[in-house]
Amino acid sequence: MIRLGPGGLVIVLLATVLAPDHGSAADFTVVQKNKAFSVSQIEIKVGDRITFLNSDTGHHNVLSETKGTEFNFRQAPGRSDTVRFTQAGTVVVECAIHPDMRLEVLVRR
């Protein structure tokens with residue numbers, strides 16, 4: 001908004017709205033194969049999505065009990081599920097069927 005102030009000075013008022021920019025979200029894929037996630041750690045930004053793909057011959061579970069980012073998917077071979085990460089922090093993802101499977105998702109602003 002532009003106004004004329006005292007003495008004819010131009011005063012410019014600017015308003016900034018801070019909102020998550022989901023238009024620039026990135027998509028990542030983490031594959032489950034040989035009873036392991038394809039990576040043990042991944043760094044993404046708030047709003048990004050990860051697709052978890054079971055490329056193994058048996059069932060898997062994709063589980064996060066991290067507060068604010070809870071999810072729990074049972075996956076048959078060939079199934080995929082996608083999660084959008086909406087808050088910054090570290091999210092621990094595990095497979096309840098195979099306790100050695102663990103992934104850390106570092107979500108940055």
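Is phenylalanine 71 buried or exposed, and at what relative accessibility? In this predicted model, phenylalanine 71 counts as buried, with a relative accessibility of 10%. The protein around it has 11 strands and 0 helices, and buried residues make up 31% of its 109 residues.

**Overall build**

- Read along the sequence, the elements follow the pattern β-β-β-β-β-β-β-β-β-β-β.
- Among contacts with a separation of 6 or more, 47% are between residues 24 or more positions apart.
- The accessible surface of the protein comes to about 7100 Å², and carbon and sulfur atoms account for 53% of that surface.

**Confidence of the prediction**

- The mean pLDDT of the protein is 86, and 79% of the residues reach 70 or more.
- Residues 1-5 stay under 50 in pLDDT, and the model gives them 13 contacts beyond four places in sequence.
- The pLDDT is also below 50 over residues 9-21, a stretch that has 13 contacts in the model beyond near neighbours in sequence.

**The open sheet**

- An open sheet is formed by 4 strands in the order E4-E3-E6-E9, and the pairing within it is mixed.
- Strand E4 (36-37) and strand E9 stand at the edges with a single partner strand each, so one side of each is left without a neighbour in the sheet.
- E6 and E9 pair in the antiparallel sense over 5 bridges, and arginine 49 stands opposite arginine 84 in E9.

**The E7-E8 hairpin**

- Strand E7 (residues 60-64) and E8 run antiparallel and are joined by 5 bridges, with asparagine 61 standing opposite arginine 74 in E8.
- The two strands E7 and E8 form a hairpin with 6 residues between them, and glycine 68 in the turn has a positive phi of about 90 degrees.

**Aromatic rings**

- The structure holds 3 aromatic pairs.
- One of them joins phenylalanine 52 and phenylalanine 71 in a tilted arrangement, with 6.1 Å from centre to centre and 35 degrees between the planes.
- Phenylalanine 52 lies in strand E6 (residues 49-54) and phenylalanine 71 in strand E8, so this pair ties together parts that are 19 residues apart in sequence.
- Phenylalanine 71 also pairs with phenylalanine 85, and because the ring centres are 6.2 Å apart and the planes stand at 85 degrees, this pair is edge-to-face.
- Phenylalanine 52 is buried at a relative accessible area of 0%, and phenylalanine 85 counts as buried at 1% relative accessibility.
- Through ring pairs, Phe52, Phe71, Phe73 and Phe85 are linked into a cluster.

**The nonpolar core**

- The largest nonpolar core has 18 residues, of which Ile50, Phe52, Phe71, Phe85, Val93, Leu103 and Val105 touch the most other members.
- At least two residues of this core come from each of strand E5 (41-45), E6, E8, E10 and strand E11 (102-108), and E11 gives the most, with 3 residues.
- Beyond its neighbours within four places in sequence, phenylalanine 52 is in contact with Val30, Gln32, Phe37, Val62, Phe71, Gln75, Arg79, Ser80, Asp81, Val83, Val93 and Leu103.

**An exposed loop residue**

- Glutamate 65 is found in the loop between E7 and E8, and at 66% relative accessibility glutamate 65 counts as exposed.
- Apart from neighbours within four places in sequence, glutamate 65 is in contact with Glu70 and Val92.
- Glutamate 65 and glutamate 94 are 29 residues apart along the chain, and their C-alpha atoms are separated by 9.0 Å.

Terms used: Residues are numbered from 1 along each chain as its sequence is written. This is a predicted model: local features need pLDDT of at least 70, side-chain atom pairs count only at pLDDT 80 or more; totals for chains, interfaces and linings use all residues. Side-chain values use heavy atoms; hydrogens and water are left out. Buried means under 20% relative accessible area, exposed over 50%, partly exposed in between (1.4 Å probe, protein chains only). Contact means heavy atoms within 4.5 Å. Accessible areas come from the Shrake-Rupley method with a 1.4 Å probe; for residues, only the protein chains shown count as cover. Two strands pair if DSSP finds at least two bridges between them. Rings of Phe, Tyr and Trp (its six-membered ring) pair if their centres lie within 6.5 Å; planes under 30 degrees apart count as stacked, over 60 as edge-to-face and the rest as tilted. pLDDT is the predictor's confidence in each residue, from 0 to 100. A nonpolar core is a set of buried Ala, Val, Leu, Ile, Met, Phe, Trp, Tyr and Cys residues joined through side-chain atoms within 4.5 Å.
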